[in-house]
Amino acid sequence: MASAPTPPPLLPVTNPAPGSSPAAAGGSDAPIATPAFRLFLSRLSDSARRSLSDRRPWGELLDRSAFSKPDSLSDATSRLRRNLAYFRVNYAAVVAFALGASLLAHPFSLLILLGLLAAWCFLYLFRASDQPVALFGRAFSDRETLLGLVGASFVLLFFTSVASLIISGLLVGGALVAAHGAFRVPEDLFLDEPNAAPGNSAAQGLLSFLGAPGSGV
């Protein structure tokens with residue numbers, strides 16, 4: 001009498017924990033929180049677009065017939081205050097250009113600054129919360145990572161020429177803005193009511209991307 005066939009052995013099956021993705025189970029998580037990084041870039045792009053919408057024509061900024069010597073220091077201060085309110089986006093572009101030119105003239109310092117910004121983004125700001133930084137076989141906590149980045153930033157900024165280049169670029173841009181604002185006669189400038197209100201939309205739009213990406217604000 002023939003015996004019954006032996007059933008095949010059962011293979012163990014491991015079910016993933018609830019809420020975990022297949023990529024997480026395989027250990028292939030990206031080192032950066034991609035949705036947060038994309039949201040940050042989207043907010044930055046929208047903020048720049050909204051701010052540039054308030055830009056005044058450059059021909060109006062550089063109209064030579066509107067320049068004259070101020071009668072007194074108070075007159076120069078009054079002109080500067082009105083011109084700052086009217087040409088604020090143009091002035092911000094002038095300062096940014098001066099800062100960029102200062103850094104582009106020293107490529108090594110520019111590379112240091114870009115590397116520092118990349119380290120902050122990939123190691124702290126947009127790193128997934130469940131992905132600790134691991135170096136030399138040791139995992140570092142968020143606090144240790146933050147302290148390390150702060151220390152590295154201090155060393156790279158103040159023990160190289162990066163900080164002096166940033167300060168010099170800002171000073172040159174600020175001097176150009178102050179000179180233009182003091183000598184540009186603002187008699188023909190008219191501010192729109194929404195733009196003249198406290199907390200103007202340009203300044204708010206320019207900084208709106210600083211909201212926490214994961215907060216949904």
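Trainee: Which charged end sits over the ring of Phe140?

Mentor: The charged end of Arg138 sits there, 4.6 Å from the ring centre of Phe140. A charge is said to sit over a ring if NZ of Lys or CZ of Arg is within 6 Å of the ring centre and within 35 degrees of the ring normal. Arg56 is placed in this way over the ring of Tyr86, at 4.1 Å from its centre.

Trainee: What should I keep in mind about the model and its numbering?

Mentor: This is a predicted model, in which local features need pLDDT of at least 70 and side-chain atom pairs count only at pLDDT 80 or more, while totals for chains, interfaces and linings use all residues. Residues are numbered from 1 along each chain as its sequence is written, and side-chain values use heavy atoms, with hydrogens and water left out.

Trainee: What makes the contact of Arg138 with Glu144 a salt bridge?

Mentor: The term asks for a side-chain nitrogen of Lys or Arg within 4 Å of a carboxyl oxygen of Asp or Glu. The closest N and O atoms of Arg138 and Glu144 are 3.1 Å apart, and the pair forms a salt bridge. By this rule the count comes to two salt bridges, and the side chains of Asp75 and Arg79 also meet in one, with N to O at 3.6 Å. Asp75 and Arg79 both lie in helix α4 (residues 73–86), where they are four residues apart, about one turn of the helix.

Trainee: Why is the pair of Phe154 and Phe158 called tilted?

Mentor: The ring centres of Phe154 and Phe158 are 5.2 Å apart and their planes stand at 40 degrees, so the pair is tilted. Being four residues apart in helix α7, Phe154 and Phe158 are separated by about one helical turn. Phe154 counts as partly exposed at 47% relative accessibility, while Phe158 is exposed at 55%.

Trainee: Which residues make the nonpolar surface patch of about 470 Å²?

Mentor: Phe154, Val155, Phe158 and Phe159 make it. Patches are built from residues with over 30% relative accessible area and no salt bridge, like charges being joined within 9 Å and nonpolar side chains (Val, Leu, Ile, Met, Phe, Trp, Tyr) within 5 Å.

Trainee: How many helices and strands does the chain have?

Mentor: The chain has ten helices and two strands, where helices (H or I, at least four residues) and strands (E, at least two) are DSSP runs numbered from the N terminus.

Trainee: Which residues does the annotation "transmembrane region" cover?

Mentor: According to the unreviewed UniProt entry, the annotation covers residues 85–104, 110–126 and 146–179; such annotations may be inferred rather than shown by experiment, feature names are shortened, and positions are given in the numbering used here. In the model, residues 110–126 are 94% helix and 0% strand, with end C-alpha atoms 22 Å apart. Residues 146–179 are 91% helix and 0% strand, and their end C-alpha atoms lie 40 Å apart.

Terms used:
Areas by Shrake-Rupley, 256 points an atom, 1.4 Å probe, with all protein chains shown as cover. Phe/Tyr/Trp six-rings, centres within 6.5 Å; stacked < 30°, edge-to-face > 60°. Buried < 20%, exposed > 50% of the residue type's maximum accessible area, 1.4 Å probe, protein only.
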